[in-house]
Structure formats: structure tokens, C-alpha cells
Amino acid sequence: MGKVWKKLLFIILIVACLFNIISKLIKRNSLQEELQATFDYITNKQNTVEQTEND
């Protein structure tokens with residue numbers, strides 16, 4: 001009986017991992033969006049540093 005549960009849980013684990021990988025691939029952001037988000041973050045960080053230096 002224990003071997004059956006072990007195999008069943010192993011199959012469920014594999015299906016969950018595959019579902020996670022596939023969902024991440026489907027929801028992947030475009031390169032343009034990633035670059036824009038990075039640029040915005042760096043710009044905001046630099047502005048914050050400049051403001052604290054001026055105060």
C-alpha cells in the first residue's frame with residue numbers, strides 16, 4: 001500500500017512541477033517590458049540618491 005501512495009504522490013509532484021514551468025513560460029514578459037522596467041527602476045533609484053545628497 002505504501003508503494004502505491006509513494007508513486008501517486010510522485011506523479012502529483014511531477015504534474016505540479018510541469019504546470020509551474022508551463023505557466024511561467026506562458027506568462028513570461030517580453031524583453032522590451034523587462035528593459036523598460038529595469039530602466040525605470042534605475043532612474044528612480046538615481047533620482048532618490050540625488051535628492052538625498054542635495055538635502
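How many helices and strands does the secondary structure of the chain come to?

## Overall fold

The model you are looking at is predicted. Its secondary structure comes to two helices and zero strands. The radius of gyration of the chain is 23 Å, while the globule rule gives 10 Å for 55 residues, so the chain is more spread out than a compact globule.

Along the principal axes, the C-alpha trace covers about 70 × 25 × 5 Å.

## Surface and burial

What share of the 55 residues counts as buried? The value here is 0%. To count as buried, a residue would need a relative accessible area under 20%.

The accessible surface of the chain is about 5700 Å². Carbon and sulfur atoms account for 66% of that surface.

## A nonpolar patch

Let's turn to the side chains. Which residues make the nonpolar surface patch of about 620 Å²? They are Phe10, Leu13, Ile14, Leu18, Ile22 and Ile26.

Take Ile22 as one member of this patch. Ile22 sits in helix H1, which runs over residues 2-26. With a relative accessible area of 48%, Ile22 is partly exposed.

## Another residue of helix H1

Gly2 has its place in helix H1 too. Is Gly2 buried or exposed? Its relative accessible area is 51%, so Gly2 is exposed. The cut-off to remember here is that exposed means over 50%.

## Distances along and across the chain

Now compare places in the sequence with places in space. Gly2 and Lys45 are 43 residues apart in sequence, and their C-alpha atoms are 55 Å apart in space. For Ile22 and Ile42, the separation along the chain is 20 residues, and 30 Å lies between their C-alpha atoms.

## Charges

Finally, where do the charges lie on average? The chain has 7 positive and 6 negative charges. The mean positions of these two groups are 34 Å apart.

How values were computed:
Residues numbered from 1 in each chain as written. Predicted model: local features only at pLDDT ≥ 70, side-chain atom pairs only at ≥ 80, totals over all residues. Heavy atoms only, no water. Helix = DSSP H or I, 4+ residues; strand = E, 2+ residues; numbered from the N terminus. Rg over C-alpha atoms; globule rule 2.2 N^0.38 Å. Buried < 20%, exposed > 50% of the residue type's maximum accessible area, 1.4 Å probe, protein only. Areas by Shrake-Rupley, 256 points an atom, 1.4 Å probe, with all protein chains shown as cover. Lys, Arg positive; Asp, Glu negative; His and termini not counted. Charge placed at Lys NZ, Arg CZ, Asp CG, Glu CD. Patch = residues over 30% accessible without salt bridge, like charges linked within 9 Å, V, L, I, M, F, W, Y side chains within 5 Å. Salt bridge = Lys/Arg side-chain N within 4 Å of Asp/Glu carboxyl O.
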